[in-house]
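Subject: Structure for your files, with notes

Dear colleague,

I am handing over the structure below, and my notes on it follow directly after. Please read them with the coordinates open beside you.

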Amino acid sequence: MKIDRDLFIDQGYLVLRNVIPNGKLQSMRESCDLILERQKVNWVLERKPDDPPGGMYETVRQPRVLMEKPGIIDGQTANVIEDFWVADETLDTASSLLCNPEPNITSMMMMCNPVRNHPGGTGWHRDVHPIDMAPMDALSADLVENGPRYTQWNVPMYDDSVLWVVPGSHRRRNTQQENSEFMEDLKKPVTGGIPVELNAGDGVVYILPILHWGSNYSTKLRRTIHISFDAFRSENILYGHNFYWEPRFADTLPDKYRTAFERFIELHLERADLIEATFRAILGTDEVAFLTGLAAVHPGEEGRMVCLILLSKLANKVHDIKHGQPIGLDGLTPELHNKFADRFDDAEADLLRERFRLLTELLHEDAKRTIPDMDSRTQRLLFTEMPAEFGLKEFIANWDA
C-alpha cells in the first residue's frame, strides 16, 4: 500500500485506496451484515423498558457494533480479521505511519446507518477532553516533535463521505474563526473543513486530535469498519493504557489469529510494568528512578509533561478503583484497569493520588476556568492551556508538601 507519511503528518489524515481489494469486498460485506444481525440480537436483549422492540439499534444516531463482543467473530466472520485487521499490508501501513515495529489494535468496531435520519451527526469535535487527556497546546506540541502514537481508521464497505476534517488542525488549537462558527452551529460545515470522499474498500487514517465531524447519519446503507492502532513501544506519549477489548477476546479467536492478539496483550503488560516502576519511584520519592522510568515510558524528552499528565489520570483511576468509585472509562474495558490497580494496595493508591494532587488541581482549575461545561463538545474544544510555571521540577518538589 503506497503511503505518504509526510503528508499524513502535515495534514493529520491520509486517504488510502483499495484497502479492501474488489475481489474481497463482497465477502467482507456479507460478514459485516452477519455481524450486525448478531449484534441486533444483543440489542434486543439489552433494551430498556421504554425502548422500542429493536432496542438501541432503533434509537441511536449511529449504531456501532463492538466486534470483540462474544459471538460476533467466529469462523464465518473471521475474514474481517484476515483481510483487514491483521493483514500484513494493514499492519505494515500502521507500522509506517506510527514509526513503530509493532502497532497494537486497541479497538475494533463497525459503524452502521440508523433507522431514521440524523442530520448534523456528532457535531465538530476533537477526541480530546479533560477526563483522560492533556490540554491541546501540549498535545499538539508533542505531536509536532515526536509524531503520532495513536491513529484511527475508517474503512467503508460502501461509498462513504460522512467524515469531515479540518486538515492540519491536529497541530494547533482552534482559530477564532472556528470557535465563532462552532458557537453559532456545531453541526454545519466550518471554514477549512472538507469531506473525506471514500469509495467502497478505501480507507482514511487520521491522528486523534484533528478537528473532525460525523456529518450526516442517514438511512443510506453504511457498513464502515472503524479500528484504532496504538504503539506501546515508541518514542511518543502514553495514550490510553488500555484496549477496548477484554484480553479473553483472544481466546475466542481461531488459532491462526490468536497469536497476534496475545502479542498485543504482552506488549501492553510490558508497558504496564514500566508504568508501575515509575509510580513506585514516585511513591518512594526516588527522583533518579522516577526520571529514568518516565524516560522509559516516553523516550522523547520533549513532551514528557504530556506523559506526566496522562500518568496522573491513570493514578487517579487507580485510586478510584481501589475505593470502588466509577472512573469514567468511556467504553474502555475495565479488566485491564482493574488488574493494573491490583498492583497497588489501598495505602499506596492513596499516597499516589497525593503525589499527583497539585498537578490534578492545577489542571482542573485551568479546565474549569476555560470550560464551563465539560460534558459539552463545544466547550471541550476550549481545553487548550497547560498549567503555568509547572514542570517536572515542580512536580518532584511537591512530593513532600
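How many residues does helix α7 have, and how far does it reach from its first C-alpha to its last? Before the answer, please keep in mind that this is a predicted model. Helix α7, which runs over residues 255–283, has 29 residues and reaches 42 Å between its first and last C-alpha atoms, close to the 42 Å expected at 1.5 Å a residue. After α7 comes Thr-285, whose phi is positive and near 50°.

Helix α9 can be described in the same terms. It has 19 residues and spans 27 Å from first C-alpha to last, close to the 27 Å expected at 1.5 Å a residue. Helix α9 is mostly covered, in that 17 of its 19 residues are buried. Leu-314 is placed in α9, and this residue is buried, with a relative accessible area of 6%. Just after α9, Gly-324 takes a positive phi of about 70°.

I then looked at how α9 meets its partners. Two packed helices are described by the angle between their axes and the distance between the axes. For helix α8 (residues 287–297) and helix α9 (residues 304–322), the axes come within 10 Å and cross at roughly 100°. Angles of 65 to 115 degrees count as roughly perpendicular, and α8 and α9 are therefore roughly perpendicular to each other. On the α8 side the contact involves Phe-290, Leu-294, Ala-295 and Val-297, which meet Arg-304, Cys-307, Leu-308 and Leu-311 of α9. Sorted by class, this contact of α8 with α9 has seven nonpolar residues, no polar ones and one charged residue.

Helix α10 (residues 334–341) also belongs in this part of the account, with Glu-335, Leu-336, His-337, Phe-340 and Ala-341 buried. The buried residues of α10 pack against both α7 and α9.

Turning to the strands, I would draw your attention to Arg-223, which lies in strand β11. Is Arg-223 buried or exposed? The cut-off for buried is under 20% relative accessible area, and Arg-223, at 9% relative accessibility, therefore counts as buried. The side chain of Arg-223 makes a polar contact of 3.0 Å with the side chain of Asp-33, and another polar contact, also of 3.0 Å, with the side chain of Asn-113. Setting aside residues up to four places away in sequence, Arg-223 touches Cys-32, Asp-33, Leu-36, Met-110, Met-111, Cys-112, Asn-113, Val-155, Pro-156, Met-157 and Tyr-158.

Strand β11 covers residues 223–230, and Asp-230 is found in it. Asp-230 is buried, with a relative accessible area of 1%. The C-alpha atoms of Asp-230 and Glu-82, which are 148 residues apart along the chain, are separated by 19 Å.

In strand β9 (residues 212–214), the residue to look at is His-212. His-212 is buried, its relative accessible area being 4%. A polar atom of the His-212 side chain lies 2.8 Å from the backbone oxygen of Ile-210. Leaving aside neighbours within four places in sequence, His-212 is in contact with Gly-123, Trp-124, His-125, Arg-126, Asp-127, Leu-163, Trp-164, Val-165 and Tyr-206.

Finally, there are two loop residues whose backbone angles may be worth a look. Cys-99 has a phi near 50°, a positive value in a residue other than glycine, and it lies in the loop between α4 (88–98) and β3 (104–112). With a relative accessible area of 55%, Cys-99 is exposed. Glu-389 likewise has a positive phi, near 55°, in a residue other than glycine, and its place is in the loop between α13 (377–380) and α14 (392–397). Glu-389 is exposed, with a relative accessible area of 77%.

With best regards

Technical notes:
Residues are numbered from 1 along each chain as its sequence is written. This is a predicted model: local features need pLDDT of at least 70, side-chain atom pairs count only at pLDDT 80 or more; totals for chains, interfaces and linings use all residues. Side-chain values use heavy atoms; hydrogens and water are left out. Axes are lines fitted to C-alpha atoms, for helices over the stretch in contact, and angles run from 0 to 180 degrees between N-to-C directions. Helices (H or I, at least four residues) and strands (E, at least two) are DSSP runs, numbered from the N terminus. Angles under 35 degrees count as roughly parallel, over 145 as roughly antiparallel, 65 to 115 as roughly perpendicular and the rest as oblique. Contact means heavy atoms within 4.5 Å. Ala, Val, Leu, Ile, Met, Phe, Trp, Tyr, Cys and Pro count as nonpolar, Asp, Glu, Lys and Arg as charged, and the others, Gly among them, as polar. The expected span of a helix is 1.5 Å times one less than its number of residues. Buried means under 20% relative accessible area, exposed over 50%, partly exposed in between (1.4 Å probe, protein chains only). A polar contact is a pair of N or O atoms within 3.5 Å; within protein, one must be able to donate a hydrogen and the other to accept it, and residues adjacent in sequence count only if both atoms are side-chain atoms.
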